[in-house]
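I am opening a notebook page on this model.

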Amino acid sequence: MTETPTSGNVSLGMPQLPAPAYPDDVRARLEEDAKAIIDRYPGSRSALLPMLHLVQSEEGHVTRTGMQFCADMLGLTTAEVTAVATFYTMYRRKPSGDYQVGVCTNTLCAVMGGDAIFEELKEHLGVGNGETTEDGAITLEHIECNAACDFAPVVMVNWEFFDNQTPESAKKMVDDLRAGRTVEPTRGAPLCTFKETARILAGFPDERPGAVAATGGAGPASLVGLRLAKGEAPQHTRIVHPRGEAAGQEGE
């Protein structure tokens, strides 16, 4: 029996055949990593999120083979694994680029220029939301709040921050990525590929020299808010200055 095809990537009718297995050498390597992940948790099913990152690091997205592997290792059904894999946007369901370029289009980033950045990147790269360039380098997407509003508008590449972006700076950044030139985030660890990022998110150490030591900081508004919450800043501290008025010293 064959499936009844429909438009897009969705098929209705008979269920798909069982997912193909990983090659023996790949499965043996992944099983060793999976056992290390599972051992961190009192209950094996709690390891599902990092396990999904692990299988994503293998092929760049979560395949049916990867979900079957997670189900086998954790004693879950594939339906349970699929429910989680389809809920979180960090898990890709189709092949994607080496660099996931996400433009924040939530309210503050949008009004500060995020919408313009996203539209110009779509035209510049010739792709739509969630699509990948022909060379396999860039997958572009709009994303929800990155909790970095004091650096708006923010673009993330493989979850590393590029703050205070403009359409011009964002286009230069993606051009440099596609050309293989070094691109440095505003703060945080140096960039690595999406597969490498997925392995780090699975809980394995980033062994690149200096990567762990690399760090970043919050902006002035975030730090003032933190000090207010801790009772360390004067209660009359002005966080947002009226439009057109120059910002004074903190605590003014």
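**Overall**

I began with the contacts (heavy atoms within 4.5 Å). Among contacts in the protein with a separation of 6 or more, 61% come from residues 24 or more positions apart. I kept in mind that this is a predicted model, where local features need pLDDT of at least 70, side-chain atom pairs count only at pLDDT 80 or more, and totals for chains, interfaces and linings use all residues. Residues are numbered from 1 along each chain as its sequence is written, and side-chain values use heavy atoms, with hydrogens and water left out.

I looked up the secondary structure next. The protein has eight helices and seven strands. These are DSSP runs numbered from the N terminus, with helices as H or I of at least four residues and strands as E of at least two.

Then I checked burial. Buried means under 20% relative accessible area, exposed over 50%, and partly exposed in between (1.4 Å probe, protein chains only). Of the 252 residues, 38% count as buried. The accessible surface is about 14400 Å², and carbon and sulfur atoms hold 54% of that. Areas come from the Shrake-Rupley method with a 1.4 Å probe, and for residues only the protein chains shown count as cover.

**Helix α2**

I checked the length of α2, residues 48-59. Its 12 residues should span 16 Å at 1.5 Å a residue, and the end C-alpha atoms lie 17 Å apart, which agrees. The expected span is 1.5 Å times one less than the number of residues.

How many of the 12 residues of α2 are buried? Nine are, so the helix is largely enclosed by the rest of the structure. I listed them: L48, P50, M51, L52, H53, L54, V55, Q56 and S57. Their cover includes α1 (24-38), α3 (64-74), α4 and α7 (194-201). G60 follows the helix with a positive phi, near 85°.

**Helix α3**

I moved on to α3. Eight of its 11 residues are buried, and the helix is mostly covered. The buried set is T65, G66, M67, F69, C70, A71, M73 and L74. Helices α1, α2 and α4 are among what covers them. After α3 comes G75, and its phi is positive too, near 70°.

**Helix α7**

I then turned to α7. F194, T197 and A198 are buried there. Seen down the helix axis, the buried residues of α7 fall within an arc of 100°, so they line one face. That arc is taken from the directions from the helix axis to the C-beta atoms. The cover over them includes α2 and β3. G203 follows α7, with a positive phi near 105°.

**Salt bridges**

I searched for salt bridges (a side-chain nitrogen of Lys or Arg within 4 Å of a carboxyl oxygen of Asp or Glu). The whole structure has 13.

I took D163 and R187 to start. Their closest N and O atoms are 2.7 Å apart. The pair links distant parts of the chain, 24 residues apart: D163 sits in the loop between β7 (160-162) and α6, and R187 in the loop between α6 and α7. D163 is buried at 5% relative accessibility. R187 is buried as well, at 16%.

I looked at R181 and D176 next. Their closest N and O atoms are 2.7 Å apart. R181 is partly exposed at 48%, whereas D176 is buried at 10%.

D206 and R208 also meet in a salt bridge, at 2.8 Å from N to O. D206 is buried at 18%, and R208 is partly exposed at 26%. I noted a network as well: salt bridges that share partners join R27, E31 and D72.

**Surface and a last pair**

I checked K172, which lies in helix α6 (residues 167-179). Is K172 buried or exposed? K172 counts as exposed, at 52% relative accessibility. From K172 to V183 I read 11 residues in sequence and 9.8 Å in space, C-alpha to C-alpha.

L49, F87 and Y88 form it, with about 320 Å² of accessible area together. Patches take residues with over 30% relative accessible area and no salt bridge, joining like charges within 9 Å and nonpolar side chains (Val, Leu, Ile, Met, Phe, Trp, Tyr) within 5 Å. Y88 lies in the loop between α4 (78-85) and β3 (99-104). Y88 is partly exposed, at 39%.
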